[in-house]
Amino acid sequence: MEDVKISYTESLISWKRPDLRVGVPVTVKYPLVPTEKPPEYRGKPHIDPNVCIGCGACVRACPADALTAEWDLENGLKSIVSNPARCIRCGRCEEACPTGAMKLTLEFELATPNKEDLVEVVEHHLTKCKKCGDYTEFTERQVEKAFQILPKEIVDANALGEKMQLCRECRMEESVKILAAQGRIIGDPLLLPPQHAKGGEK
Amino acid sequence: MVTKECLAEFEDKFKGEIREKKFLTPTQILYLVDKKDLPDMAYYLQYHPEFDESYYVMGIGSDERQLAGKFAYAPVINMLDGSGKRENFYVILKARLDKDNPEFPSVAQKLPAALWAEREVRDLLGFKPLDHPDLRRLITPEDWPEGVYPLRKDHAYNASPAGELQDGYKKAPEDTSTVPIGPYHMALDEPAHFRLFVKGEEIVDVDYRGFYSHRGIEKIGEGRLTYNQIFYIAERICGICGFQHSSAYAMAVENIAGVEIPARAQYIRTILLEIERIHSHLLWAGVACHLVGFDTGFMYAWRIREEPVMWLAERLTGNRKTYGMNIVGGVRRDFLDYRKTEILDKMKQLKKDVEKLYNIAVSSDILIKRAKDVGVLPYKVAKDYGVVGPTARASGRNIDVRRDHKVFAYKDVDFDVPVYKDGDVLARLLVRLDEVLQSISIIEQAVDQMPEGDIFTPIGKLPPYQEALGYTEAHRGEVIHYVLTGTNNKVYRWKVRAPTYNNLAAVPEMLKGYRVADAPLIIASIDPCYACTERVQIVDVKTGKVKALNEAEFNDLSIKASEEL
């Protein structure tokens, strides 16, 4: 038999609770027979590692600190760590995710003797600075994604093609040099301290 | 606006004490006043002859030393005209208190409704209410050290110092035995401790000690979270009225930002609030039936709570409880069009079921005999204590925030507010069952009238150091949130007043004069959640012998009382 494709809305309309499918209201022998949650259910979050770009938008949105970002600047790694045991299933991460990697699943049976079994870690490689060789704060996929979605004019106008390859400090230096060349900074640019070297994501 | 005349009279009477007047919203008026006449002002407003249903809502204490160099204490009065002719409004009387000696004349000496609020500001902020009739601890535990005040800004949110154990119980009257109920008990949504002083079977006096599960949520909201993250913790203040809390908080922040949320979002909030009310009332009706030993009613009420109501909520929001739908400026998820028919179908089914439950309940002799003329709360006591919600409406008070303050989409739908004059447990049951039928009608109308359009108005940065109230009518009464914004999208002061706070203070009044076997039912009749049941102790005062009853025994006592009938 060939599969009939139905739209998402139709799949929502046609879904029926297992209890009602067998004609029993409310009480079913649940732990003995499997059950199913409706398609709208907000269950355990899952990160699709093939789609995640490691930007950390979900980490900022998470009110319960179930999502954290861990940095390993020596080895050039940034990990997004999801801990469903802390998660409150609000779904803010799903809304914030720019690539749709973060999804709440229908899974709800999470009983485990060890909460760490539930933890998901997505590791990303950081790019290297073209100038000094240190790791930058961008993941490789983040840079790739940025070039995909930014219009070419904007990239060219701001010389982003160059800047995105640099680490924070080198980028500051470059900017200062350019501004000085345009005559917008008076004095020796190399004597000026980088202005925001400490800010940004920790 | 008629309210202007009433305010002019008030301002004239206290013109020496009023420093400043500010409209937070058109119906929320803040007066900056001197503390000297605070009790007289609150008394004047609560017993205003024209605004006859007015009551003391809450007392906000806040540590504003960083803003104004002083503490602030602010009683809030809900000015309600029972005849419905005048526009209702909230009055906030904010008094600044000295930072080294935060004394103020106690409002509670005139208004019993302020008893708890002033014990609270004493515990948490170290204020000194002068001439307060009962200044025992309310919130901080018995072993909390003196002189440490957790809500002051110089106290870290995770600091928990140790202190000496103190005795905080009321002394038993002469010739009485003490029957403690709790600290863990089936009739309370948190561990709480009622001490019944009994003569034989009759309850003479009652002492209450609670707040065993105080979680410091306000402090977490003030210290750690941004304004858009507080929703999720607000929703978890209570397992039953979660959406009410998050809507009230949303309303407060939206009032500060000065935005009107889109009409469709208002309708979605209204529908969900009513779904929540239906499930809560059915849960309560079920438990009331169980406590009088009428288990058929219990099973039936909980079945219809699950099948159309909870399952509908799960499909609309993604979860049976903690809907997670609110955000500042609107709601996060839309109802798709096909939902309309689904909601209407379920409501039709529910209406039939609830009517059947209604008939079963009122035709059950046991239920009527156990509930009639038990736990009577007279109108006057209800007003003095500022009792809210179905408990107040069962005592003849004609108050309902949904109607009186026209929140969300309630202004566009027709509904009645059921009011009973008897004030007993039966009246509280009937008020709730009537309300379920009204809620079904509200949902049907709201679904019919729901406009098209956006569900969300974006709000950028909040203005710093602005304040406002947000309120909804939860299942147990008025939920009210006060928000004072800080810098960087944080909240400087977030004060939550849940309805049970007002109602529980009046429970000792309801218990007096009834039998021990009625106590679970009376305590339950104000609808605190039935969560944890542990034990009841009976202490014989003379011999000091302690006899512990477990849940089953205690319930048996209650059920046996039904069998006697």
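**Exercises on a two-chain model**

B:Asp373 counts as exposed because its relative accessibility is 51%, where exposed means over 50% relative accessible area, buried under 20%, and partly exposed in between (1.4 Å probe, protein chains only). The model is predicted, so local features need pLDDT of at least 70 and side-chain atom pairs count only at pLDDT 80 or more, while totals for chains, interfaces and linings use all residues. Residues are numbered from 1 along each chain as its sequence is written, chains are lettered from A and ligands numbered from 1 in the order in which they are written, and side-chain values use heavy atoms, with hydrogens and water left out.

**Exercise 1. Positive phi**

Find where B:Asp373 lies, and contrast its phi and accessibility with those of B:Phe408.

Step 1. Most residues other than glycine have a negative phi, and most peptide bonds are trans.

Step 2. B:Asp373 is not a glycine, yet its phi is positive, about 55°. This residue, B:Asp373, sits in the loop between H11 and helix H12 (379-384) of chain B; helices (H or I, at least four residues) and strands (E, at least two) are DSSP runs, numbered from the N terminus.

Step 3. B:Phe408, not a glycine either, has a positive phi of about 45°. Its loop runs between helix H14 (401-404) and H15 of chain B.

Step 4. B:Phe408 is buried because its relative accessible area is 7%, whereas B:Asp373 is exposed at 51%.

**Exercise 2. A helix and its cover**

Check the length of helix H10 (residues 338-362) of chain B, and state what covers its buried residues.

Step 1. The expected span is 1.5 Å times one less than the number of residues.

Step 2. The buried residues of H10(B) include B:Tyr338, B:Arg339, B:Glu342, B:Leu350 and B:Ala361.

Step 3. Their cover includes helix H1 (8-14) of chain A, and from chain B helix H8 (263-291), helix H9 (295-317), helix H11 (365-371) and helix H15 (425-449).

**Exercise 3. Salt bridges of B:Arg339**

Which residues form salt bridges with B:Arg339?

Step 1. Side chains of opposite charge can pair when their charged atoms come close. A salt bridge is a side-chain nitrogen of Lys or Arg within 4 Å of a carboxyl oxygen of Asp or Glu.

Step 2. In chain B, the partner is B:Glu342, at 3.0 Å from N to O. Both residues, B:Glu342 and B:Arg339, belong to helix H10 of chain B and are three residues apart, about one turn of the helix.

Step 3. From chain A, A:Glu40 forms a salt bridge with B:Arg339, with the closest N and O atoms 2.3 Å apart.

Step 4. B:Arg339 is buried, since its relative accessible area is 5%; B:Glu342 is buried too, at 18%.

**Exercise 4. The interface**

Describe the contact between chain A and chain B by residues, area and salt bridges.

Step 1. Contact means heavy atoms within 4.5 Å. Chain A gives 24 residues to it and chain B gives 23 residues.

Step 2. Buried area is the accessible area (1.4 Å probe) that two parts lose on being put together, summed over both. Between chain A and chain B this is about 2,000 Å², with 50% from carbon and sulfur atoms.

**Exercise 5. A loop residue in chain A**

Is A:Cys52 buried or exposed, and which residues does A:Cys52 touch?

Step 1. A:Cys52 is placed in the loop between E1 and helix H3 (57-61) of chain A.

Step 2. With a relative accessible area of 9%, A:Cys52 is buried.

Step 3. Residues up to four places away in sequence are not counted; A:Cys52 then touches A:Ile47, A:Ile80, A:Thr99, A:Ala101, A:Val122, A:His124 and A:Arg141.

Step 4. A:Glu123 is 71 residues from A:Cys52 along the chain, but their C-alpha atoms are separated by 9.6 Å.

Step 5. For chain A as a whole, residues 24 or more positions apart account for 63% of the contacts with a separation of 6 or more, and buried residues make up 33% of its 202 residues.
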